[in-house]
Amino acid sequence: MNEPLVRLKGLAKRYGNTEALRGVDLEVGAGEAFGLLGPNGAGKTTTLRILATLIRPSAGEAWVNGRSVLRDPLAVRRSLGIVNGGMGLYERLTGREILHFFGRFYGLDPEELDARIRWLDEMLGLGAVLDKRVEAMSSGMIQKIVVGRAILHRPPVLLLDEATQGLDVFARRALLDFVQEYKASGHTIVYSTHVLPEAEEVCDRVGFLHRGRLLFVGSVAEAKERYATDSLERAFIRAAEEVPA
Ligand SMILES: Nc1ncnc2c1ncn2[C@@H]1O[C@H](COP(=O)(O)OP(=O)(O)OP(=O)(O)O)[C@@H](O)[C@H]1O
């Protein structure tokens with residue numbers, strides 16, 4: 001594997017009596033698309049939120065781009081972008097205005113910002129979305145702006161949490177194509193989903209997360225071989241069945 005850009009060591013998180021993560025070790029290499037797979041409640045969002053420094057682990061440690069989420073959270077934030085469900089956009093602003101607004105937070109001057117927006121347009125096919133107000137956008141259009149905002153500072157690492165949820169067939173395809181293109185341009189992606197065929201399509205390796213534990217890490221082909229099936233879904237189910245109750 002290339003130098004790891006994302007590393008988790010003994011990562012654990014407890015919410016009251018719930019053990020959301022129970023000691024997760026993982027390395028994701030530079031330029032890799034890694035699928036974090038698991039059913040509802042497996043701990044995917046918790047993992048991504050710890051990586052994004054939005055919450056702190058109860059035990060263990062994680063690093064992004066060599067920086068510790070505990071000791072160097074600002075550097076970690078500069079190294080990543082995150083797309084998850086809960087990020088609202090200002091209804092009255094256009095796509096371009098939103099990208100300008102956040103671009104200024106990143107300290108980009110107007111010229112750089114225009115160049116970045118042209119780059120995003122190429123990557124995401126923003127087109128007319130740039131000049132539409134959020135209130136008039138479809139959910140697929142909004143998702144393009146949310147993804148654009150997440151990568152505006154060109155972070156080496158992109159975290160996507162159930163990013164195709166609620167998208168129609170066109171918007172879903174556009175997002176999956178974008179993931180492949182973003183990866184091909186050298187970026188690292190952690191792709192959390194419970195939609196296994198999506199992971200099969202875009203991820204180099206996958207991890208099966210089940211009740212806060214990583215049961216398997218490897219390529220899709222290795223998962224199928226290890227669990228003697230030609231279906232990634234069945235491989236996941238077999239991995240979960242091996243866990244003592
Ligand atoms: N803020 C919180 N307070 C209490 N429990 C929580 C909190 N956030 C998550 N949990 C619990 O932690 C466990 C892992 O949740 P998490 O959201 O990380 O799973 P997930 O794999 O992302 O699932 P989903 O696909 O449903 O989002 C679940 O049992 C969940 O109920």
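Asp72 is partly exposed, with a relative accessibility of 26% (partly exposed lies between buried, under 20% relative accessible area, and exposed, over 50%, with a 1.4 Å probe and protein chains only). Arg67 is itself partly exposed, at 38% relative accessibility.

The model is predicted, with local features requiring pLDDT of at least 70 and side-chain atom pairs counting only at pLDDT 80 or more, while totals for chains, interfaces and linings use all residues. Residues are numbered from 1 along each chain as its sequence is written, and side-chain values use heavy atoms, leaving out hydrogens and water.

Across the whole structure, the search finds 15 salt bridges. One of them joins Arg226 and Glu242, with an N to O distance of 3.4 Å. Arg226 belongs to helix α8 (residues 220–226) and Glu242 to the segment after α9 (232–241), so this pair ties together parts that are 16 residues apart in sequence (helices are DSSP runs of H or I with at least four residues, numbered from the N terminus). Both partners are partly exposed: Arg226 has a relative accessible area of 45%, and Glu242 one of 48%.

A further group can be followed through shared partners, as salt bridges link Arg14, Glu19 and Arg22 into one network. Glu19 is partly exposed at 35%, as is Arg22 at 32%.

Definitions and conventions: Salt bridge = Lys/Arg side-chain N within 4 Å of Asp/Glu carboxyl O. Helix = DSSP H or I, 4+ residues; strand = E, 2+ residues; numbered from the N terminus.
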